Amino acid sequence: WDMEGDYRGTWLRQQALKIASLDYFDFDSFMIQDPDTFCIQPYRAVSEDRVPNYFILPNETHGTAYYEAIENSFGIGRQTTHSFVSEFMPFLKEDWHSMRELLETRHSKHFLDATRNQHNRPETFCCKEHCRSDRAKLN
């Protein structure tokens, strides 16, 4: 996950480790949080009725590589004009299993290898960009 000359340094490896660790948690829901961030107000990552509480940036667009990587990885185009890119990412384990299975089935390889193939562009790949909007399609 370290690519020679890549300006992101070890950031890609950090993302891969976070994603790969999801299978080792014995919880139905969890949150990935960047280590250099913290909440300044109370935050509940998943509601009592098991709905992830995503940070949403209304009508925010990032580089097209984010969306192209999601479409290439999952076969799902962008479903919303909103962005879900955040340092706080709640997950339901069942959603993670669906995403992993879709990646491995679609690409006939381990999910980390399937996602790594999306990193050949300088822009980043980010599963969380479409997680909320495509949840129904992934399950």
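Let's start at R50, which sits in the loop between strand 1 and helix 2. Helices here are DSSP runs of H or I with at least four residues, strands are E runs of at least two, and both are numbered from the N terminus. What you're looking at is a predicted model, where local features need pLDDT of at least 70 and side-chain atom pairs count only at pLDDT 80 or more, while totals for chains, interfaces and linings use all residues. Residues are numbered from 1 along each chain as its sequence is written, and side-chain values use heavy atoms, with hydrogens and water left out.

Back to R50. Its phi is positive, about 65°, although R50 is not a glycine. For background, most residues other than glycine have a negative phi. R50 counts as partly exposed, at 34% relative accessibility; buried means under 20% relative accessible area, exposed means over 50%, and partly exposed is in between, using a 1.4 Å probe and protein chains only.

R50 also has a partner. Its side chain meets that of E94 in a salt bridge, 3.2 Å from N to O. The term stands for a side-chain nitrogen of Lys or Arg within 4 Å of a carboxyl oxygen of Asp or Glu.

How many salt bridges does the structure hold? There are 4. One of them joins D23 and R100, whose closest N and O atoms are 2.3 Å apart. D23 lies in the loop between helix 1 (11–21) and strand 1 (29–33) and R100 in helix 3, so this pair ties together parts that are 77 residues apart in sequence. D23 is partly exposed, with a relative accessible area of 29%. Another salt bridge runs between R44 and E48, with 3.9 Å between the closest N and O atoms. Both R44 and E48 are exposed. As a general point, side chains of opposite charge can pair when their charged atoms come close.

Now step back to the whole chain. It has 5 helices and 2 strands, arranged along the sequence in the pattern α-β-α-β-α-α-α. Of its 139 residues, 40% count as buried. Contact here means heavy atoms within 4.5 Å. Among the contacts with a separation of 6 or more, 74% come from residues 24 or more positions apart.

Leaving aside residues up to four places away in sequence, T37 touches E87 and F88. T37 and E87 are 50 residues apart along the chain, yet their C-alpha atoms are separated by 6.9 Å.

Next, find helix 2 (residues 64–74) and helix 3 (residues 93–107). They pack at an angle of about 70°, with their axes 8 Å apart. That makes helix 2 roughly perpendicular to helix 3, a label for angles of 65 to 115 degrees, whereas under 35 is roughly parallel, over 145 roughly antiparallel and the rest oblique. Axes are lines fitted to C-alpha atoms, for helices over the stretch in contact, and angles run from 0 to 180 degrees between N-to-C directions.

Which residues make the contact? Helix 2 brings E71, N72, S73 and F74, and helix 3 brings M99, L102, L103, R106 and H107. These divide into 4 nonpolar, 3 polar and 2 charged. Nonpolar covers Ala, Val, Leu, Ile, Met, Phe, Trp, Tyr, Cys and Pro, charged covers Asp, Glu, Lys and Arg, and the others, Gly among them, are polar. The buried residues of helix 2 are A65, Y66, Y67, A69, I70, S73 and F74.

Two spots beyond these helices are worth a look. Just after helix 2, G75 takes a positive phi of about 75°. S108, in the loop between helix 3 and helix 4 (111–116), has a positive phi near 55° without being a glycine. At 67% relative accessibility, S108 counts as exposed.

Finally, how confident is the predictor? That is what pLDDT reports for each residue, from 0 to 100. The chain averages 76, and 78% of the residues score at least 70. Helix 3 has the highest mean pLDDT among the elements (92), and helix 5 (residues 135–138) the lowest (38). Over residues 122–139 pLDDT stays under 50, and for that stretch the model has 69 contacts beyond four places in sequence.

Notes: pLDDT is the predictor's confidence in each residue, from 0 to 100.
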